[in-house]
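Hi everyone, thanks for making time. I'd like to walk you through one protein today, so please have a look at the screen.

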Amino acid sequence: MPPYEARSVDATASTTPSSPGVCPDGKQPCTAEETPGLETRDVVVTMVLAAFVGVAFGLTVGFPAFYFVFDGMSRTCTGFTGRDACEAAATHGGCVWTAELGAEPPPSNASALPATASCKYGDFRTVYCPQHATQAACAAEPACTYDYGAGACEHAAGMAAWEAGLFAMGQPLGAAIASF
């Protein structure tokens with residue numbers, strides 16, 4: 001038994017396609033059984049909706065990886081070499097353009113060198129992460145993180161792990177809920 005209802009075919013009806021809402025025999029208004037192509041429109045609407053939701057869901061799954069990279073880059077104050085770029089990142093990354101050394105130890109030939117301004121983290125007066133030689137000492141400072149690849153203690157930039165996890169989870173979860 002087929003899952004669809006069998007319909008009889010009217011041999012006298014016109015075989016030319018008609019526009020939606022116009023009955024094949026030309027009379028108005030059409031009854032539900034006479035309206036042509038309703039099943040086809042439903043299938044097309046469903047396909048378009050599924051394609052749109054699939055693209056939206058795919059974008060939200062792929063977006064966090066790029067966001068994390070660019071967020072980390074925009075919050076790495078020492079990567080900015082110009083005053084304008086540093087000041088532009090000040091609102092997002094907390095960067096400061098200054099010639100002060102802060103907690104950084106002065107170079108051995110400090111008297112011979114003029115003070116050079118550079119982009120520093122907002123807490124540069126109290127925190128200097130490269131001074132921590134071990135992983136344990138680096139972990140004791142909340143503003144620092146140990147870079148295992150470089151084998152050095154660096155200032156933490158970007159999101160904390162729990163913030164990144166919430167953001168990464170929230171994007172596809174929100175898209176999945178919105179698709180219902």
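I'll start with the overall picture and then turn to two residues.

A quick note first: this is a predicted model, where local features need pLDDT of at least 70, side-chain atom pairs count only at pLDDT 80 or more, and totals for chains, interfaces and linings use all residues. Residues are numbered from 1 along each chain as its sequence is written, and side-chain values use heavy atoms, leaving out hydrogens and water.

Okay, the overall picture. We've got four helices and four strands, and along the sequence they run α-α-β-β-α-β-β-α. Those are DSSP runs, numbered from the N terminus: helices are H or I with at least four residues, strands are E with at least two. Of the 180 residues, 15% count as buried. Buried means under 20% relative accessible area, exposed is over 50%, and partly exposed sits in between, with a 1.4 Å probe and protein chains only.

Now, is lysine 120 buried or exposed? Lysine 120 is buried, because its relative accessible area is 11%. You'll find lysine 120 in strand 2, residues 118-121. A polar atom of its side chain lies 2.3 Å from the backbone oxygen of glutamate 100. Beyond neighbours within four places in sequence, lysine 120 has contacts (heavy atoms within 4.5 Å) that include Cys77, Val96 and Glu104.

Then there's leucine 166, over in helix 4, residues 161-178. Leucine 166 counts as partly exposed because its relative accessible area is 48%.

Key. A polar contact is a pair of N or O atoms within 3.5 Å; within protein, one must be able to donate a hydrogen and the other to accept it, and residues adjacent in sequence count only if both atoms are side-chain atoms.
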